[in-house]
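The sequence and structure follow.

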Protein chains: 2
Amino acid sequence: MTRPTVWPAPHARLAQRPLPAGAVTVTGGPWQYRRRTNARVSLAHGLEQLRRSGTIANFARLGAGGSGDGGRHGHLDAFDPDTKNFVDSDVYKWLEAVAWARVAEQVPADVLEAADEIVELVGGAQAPDGYLNTWFQTLDPSERFSDLRYGHELYCLGHLIQAGLAWQRVRGDDRLLKTGRRFADLVVERFGDSDVVCGHPCVEMALMELTRETGEPQYARLAAAMIDRRGRGTLGAGRFGSAYYQDERPYREMRTLDGHAVRALYLAAGATDVATDNGDGDLLAAAWRQWEAVRRSRVYLTGGLGSRHLGESFGADYELPPDAAYCETCAAIGLVMWSWRLQLTRTDGAIGDLIERAVHNGLLSGVALGGRSFHYTNPLDVHDAHPRQEWFEIACCPPNVMRAIATLDQLVATETDDGVQLHQYVPARIDAGRGRVLTVETGYPADGTITVRVLAAPVQPWGMAVRVPAWSAQRFAVAVNGAPAPADVADGYAKVRRVWREGDAMTLTLDLAVRTVRADPRISAARGTVAVERGPIVYALDAAVAGGGDPAFVRLQEDLDAQPVPSAVPGLVDLDVAVLRERLRDAGWPYLDTADPVAGVAARVRLVPFAHAGNAGAGPLRTWLGATPAGG
Amino acid sequence: MTRPTVWPAPHARLAQRPLPAGAVTVTGGPWQYRRRTNARVSLAHGLEQLRRSGTIANFARLGAGGSGDGGRHGHLDAFDPDTKNFVDSDVYKWLEAVAWARVAEQVPADVLEAADEIVELVGGAQAPDGYLNTWFQTLDPSERFSDLRYGHELYCLGHLIQAGLAWQRVRGDDRLLKTGRRFADLVVERFGDSDVVCGHPCVEMALMELTRETGEPQYARLAAAMIDRRGRGTLGAGRFGSAYYQDERPYREMRTLDGHAVRALYLAAGATDVATDNGDGDLLAAAWRQWEAVRRSRVYLTGGLGSRHLGESFGADYELPPDAAYCETCAAIGLVMWSWRLQLTRTDGAIGDLIERAVHNGLLSGVALGGRSFHYTNPLDVHDAHPRQEWFEIACCPPNVMRAIATLDQLVATETDDGVQLHQYVPARIDAGRGRVLTVETGYPADGTITVRVLAAPVQPWGMAVRVPAWSAQRFAVAVNGAPAPADVADGYAKVRRVWREGDAMTLTLDLAVRTVRADPRISAARGTVAVERGPIVYALDAAVAGGGDPAFVRLQEDLDAQPVPSAVPGLVDLDVAVLRERLRDAGWPYLDTADPVAGVAARVRLVPFAHAGNAGAGPLRTWLGATPAGG
């Protein structure tokens with residue numbers, strides 16, 4: 001296979017096919033800003049942290065022929081006796097990020113050198129029979145595969161395979177993939193005919209891709225089996241119950257996603273892979289049903305997921321408190337991974353809308369603009385302080401956000417026999433295959449005009465489809481070569497089918513008026529408040545930017561007066577908004593007669609994109625704001 | 001001492017002295033309704049449950065000369081390995097309730113007989129040296145006093161002493177008190193000179209009262225020491241940290257209450273006892289400071305306390321989510337016990353206001369109107385179902401609410417050299433001492449007119465002071481013998497000082513207009529919503545009463561139209577309220593543009609007092625309601 005994709009390799013059963021890695025070159029805007037920082041700063045920072053935490057040394061020690069000793073770092077026993085080592089996966093995710101990042105961005109030479117050495121270390125640590133998990137190999141090799149519930153061995157294998165595929169596809173370097181495949185072969189041999197599943201889904205996606213890469217069916221067969229083995233209580237209840245690791249009921253019978261959010265999303269992504277590759281309509285229908293259900297009542301405005309700190313889990317329908325929100329960065333990443341797989345199965349603008357929202361808000365909030373500190377959780381409201389940290393004891397999120405940013409280009413466009421579909425808008429050059437070469441010129445999302453210019457195309461009719469976000473569905477325009485053009489509008493896309501010639505341009509104009517949104521009243525904690533949005537960007541009141549004390553007292557005026565002002569990041573704007581800073585009468589306790597008028601001081605405050613909150617300071621944050629009038 | 005009080009026995013240092021047990025006879029209204037049900041139904045129900053759970057058998061087995069066996073019931077090891085047996089205290093609280101209930105109400109003869117036998121069983125179970133805790137005596141006597149953090153031995157002693165005092169004071173039956181005193185003597189001997197404190201405060205209050213009863217100072221001395229021993233980390237961090245059991249910082253330095261709510265409140269009540277009896281102004285100032293701080297930002301509208309299920313604890317300031325609320329019934333009881341002790345130290349209507357609110361709402365919500373089922377937690381909003389239960393594995397709340405209801409008469413009035421203070425309004429006959437005999441005639445809180453009639457009084461001037469609740473402070477009237485009278489209004493009380501003669505009447509008229517209140521915006525989860533109150537009663541929308549689906553969609557109209565209608569309980573009213581039942585546009589996800597108008601159907605719904613919610617069914621409940629307009 002030439003020029004393979006980031007993930008799912010294209011195949012006949014996909015309604016929309018992904019473009020090869022490198023086919024989309026992001027040339028500007030906020031995503032380029034983030035991708036550059038990621039490649040040039042974050043990867044080196046991650047390397048330093050992985051070294052410092054001992055996570056890389058875990059491999060080196062085994063490779064030296066040793067079997068570990070008490071000086072070993074990077075394990076988590078002090079933190080949580082039930083959690084076995086999954087820190088190998090931090091290294092794999094970082095290696096994957098390094099590979100994808102270098103497709104289009106400059107990665108520092110010392111990072112590349114180190115990555116190259118680490119690939120060797122990983123291979124050197126592998127046991128003779130293919131097993132690889134430094135925790136079990138070091139502390140007690142006899143215990144391997146003894147605790148599938150929390151052991152994370154197959155989870156780590158999943159990330160190893162994904163990293164291996166990236167190194168193979170980007171560099172033609174098959175070392176890591178060989179290591180992964182040897183371990184996968186052991187797992188297939190050992191668990192191919194069993195009832196075994198891993199407590200943390202992940203390997204399913206990887207096994208599917210391994211079959212796509214190698215053509216060998218046994219990996220996909222095991223992945224499919226591991227989807228259908230779930231829900232039989234194999235893992236036992238554990239501390240959080242079977243739903244925590246999606247073992248409460250069969251995947252096909254799940255109405256929505258429950259339990260640990262990242263586990264659930266990775267499982268759903270793997271199931272979607274199985275469904276599409278196997279043409280399993282029943283399984284695909286289950287995935288779509290769950291996606292609709294999650295979107296309907298279990299996703300935050302920011303695209304964040306996971307309402308509960310306990311078990312890092314989804315809550316009940318509409319249980320979406322802004323302050324108690326967990327919204328793990330990895331969950332937003334998992335949502336994007338899953339949604340992307342579904343996007344390949346049918347044309348539905350809701351998918352692209354949600355991917356866009358999640359990336360711009362709840363995913364990119366996971367990393368500081370400077371690229372050196374991270375959020376594990378991304379609550380929408382913060383009462384005191386929620387500083388980003390340089391790293392975490394459980395450091396799944398930082399390398400995960402690195403590989404997510406390194407693969408954002410993948411989300412921009414797909415192609416079909418009939419044409420090209422643009423899902424995400426960034427300044428870019430797109431080689432869509434079959435001789436179709438395009439550029440996207442836009443200041444989006446600061447600006448609402450997106451021009452897709454044809455650099456080259458075959459002389460035959462084909463359709464150019466552009467996503468019309470739901471927030472602009474009633475107010476958008478399509479032009480071809482500067483003149484209004486009739487477009488075929490369906491399923492959230494506007495399509496113009498014609499013979500496109502070099503120099504032709506299709507222009508989509510979206511309405512970027514500032515909007516206020518309110519929550520379904522069943523989202524109890526957000527009733528009576530509003531959030532400010534502009535395009536796909538959710539805005540937040542970051543006290544460190546806005547000053548003036550507790551943002552709880554800020555009330556938006558009924559007729560919103562919000563002026564865009566330049567942001568620190570190209571292609572984004574901040575908002576300058578008229579508000580009332582409420583002054584409370586001191587009643588000695590926190591309940592006030594509504595007959596008392598709301599007193600306050602008119603002021604203007606600066607709102608920033610949610611993903612930028614916490615960059616100026618760690619202080620209080622509000623995404624859901626008070627409104628005037630409110631409270632009767 | 002003749003005719004002693006329920007708790008704190010009056011002494012010279014109290015600014016307002018409690019009246020003896022039996023001095024106030026409640027003759028009607030909602031409190032009488034509850035007290036009758038308590039005496040006639042709940043006590044028998046509690047006896048049955050205590051028997052069924054094996055809690056009484058724990059004593060019987062030891063008394064038979066045995067040392068327990070595997071068949072022992074009523075322990076909690078299966079539930080929580082760190083929690084030792086505190087179930088003895090359930091029996092003591094029930095015994096205390098039986099004693100106080102029979103002062104004014106008919107308690108079934110078989111309950112009295114059983115109680116009499118249980119008092120014998122308790123005494124019979126006591127170890128020769130005075131020790132008494134059936135858990136340790138049965139399972140491993142060598143372990144006694146080995147785990148003060150979770151052992152609950154001194155906690156149980158506290159309840160034993162309180163029960164013993166009740167039996168002594170009501171019946172002149174000193175058996176239980178002797179048992180308690182023998183154990184107390186052991187504890188004084190063993191821990192009088194040590195750094196020992198109990199992980200669950202309670203014994204401090206009891207030891208103070210034991211000194212008041214016996215005149216022996218060593219008990220009060222130990223109580224005072226145990227207040228000041230706290231905050232030195234003696235108990236270790238445990239699972240929840242030192243703040244969980246108020247061992248993080250010295251009591252005198254605590255700004256507010258933190259940690260496990262019931263523990264904190266019982267400690268504060270004990271500290272207040274120590275402060276008043278010892279004339280310890282510094283300690284009293286600490287208690288007042290904490291009370292003001294709790295009232296300012298850590299109490300729910302219902303008088304409930306404890307925001308977090310984790311550790312059953314207080315949250316941060318203004319962390320008062322209505323749905324995630326813990327609001328343990330015992331915490332509302334603890335608030336009343338503490339507040340009452342503070343009320344005796346100075347004239348401050350805010351105390352009576354909060355006691356009234358807590359009793360009518362968050363305390364009485366703990367028991368069904370039928371008296372046979374109970375809430376452990378009392379959240380203000382319930383999304384699905386929160387049925388009361390007949391009993392609990394940890395059954396602290398049911399017998400606690402029984403003794404609380406049996407002692408409500410205590411809260412009605414106090415006396416000073418200068419006169420009588422009425423704090424709570426119920427139809428009653430009051431023998432206020434010094435020849436002052438009064439009746440209170442009122443339909444309160446259904447009706448706002450309270451008439452205090454003098455049946456007998458000395459021929460000399462004295463002051464009759466009546467509390468003016470804050471919600472009526474701008475709108476109330478005082479009359480004497482039907483004519484408006486000038487009153488001395490200060491500190492939340494209206495006082496008329498004169499020579500009161502037989503037949504004279506002072507009438508207070510309060511404004512019972514229905515009000516809507518909103519929360520301090522720092523209570524994030526309640527922003528933009530309103531609650532409905534009338535007098536001291538917080539109203540709730542109980543879906544089982546109101547019908548029509550999810551109460552989340554109910555919005556109050558801006559100009560509230562609320563008509564009182566009869567309630568199932570005398571002296572209370574339900575409210576018939578005009579609302580809009582919102583109908584949402586299906587946006588596929590739970591966020592809506594505020595430019596979309598709020599559509600809905602005008603309707604009328606029945607609101608019930610919060611304490612009555614869940615009596616018609618366990619369905620959804622909302623105390624904080626949507627408002628129109630809201631959300632900008």
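## Strand pairing and packing in the predicted model

Strand β4 (residues 419–422) of chain B and β8(B) run parallel and are joined by four bridges. Helices (H or I, at least four residues) and strands (E, at least two) are DSSP runs, numbered from the N terminus; two strands pair if DSSP finds at least two bridges between them. The model is predicted: local features need pLDDT of at least 70, side-chain atom pairs count only at pLDDT 80 or more, and totals for chains, interfaces and linings use all residues. Residues are numbered from 1 along each chain as its sequence is written, chains are lettered from A and ligands numbered from 1 in the order in which they are written, and side-chain values use heavy atoms, with hydrogens and water left out.

Strand β8 (residues 461–467) of chain B is largely enclosed by the rest of the structure, because six of its seven residues are buried (under 20% relative accessible area; exposed is over 50%, partly exposed in between; 1.4 Å probe, protein chains only). Seven bridges also join β8(B) to strand β12 (residues 493–499) of chain B, and these two run antiparallel.

In chain A, six strands form an open sheet of mixed pairing, in the order β1-β3-β4-β8-β12-β11. The edges are β1 (17–18) and β11 (488–490) of chain A, each with a single partner strand, so one side of each has no neighbour in the sheet. Individual bridge partners are listed below.

| Residue | Opposite residue |
|---|---|
| P461(B) | V499(B), in β12(B) |
| W462(A) | R498(A), in β12(A) |

Helix α7 (residues 175–191) of chain A has 17 residues and should span 24 Å at 1.5 Å a residue, which agrees with the 24 Å between its end C-alpha atoms; the expected span is 1.5 Å times one less than the number of residues. Among its buried residues are L176(A), F183(A) and F191(A). The buried residues of α7(A) pack against α3 (88–104), α4 (109–125), α6 (153–171), α8 (203–214) and α9 (217–228) of chain A, where contact means heavy atoms within 4.5 Å.

T529(B) lies in the loop between β14 (515–519) and β15 (531–534) of chain B. T529(B) is buried, with a relative accessible area of 1%.
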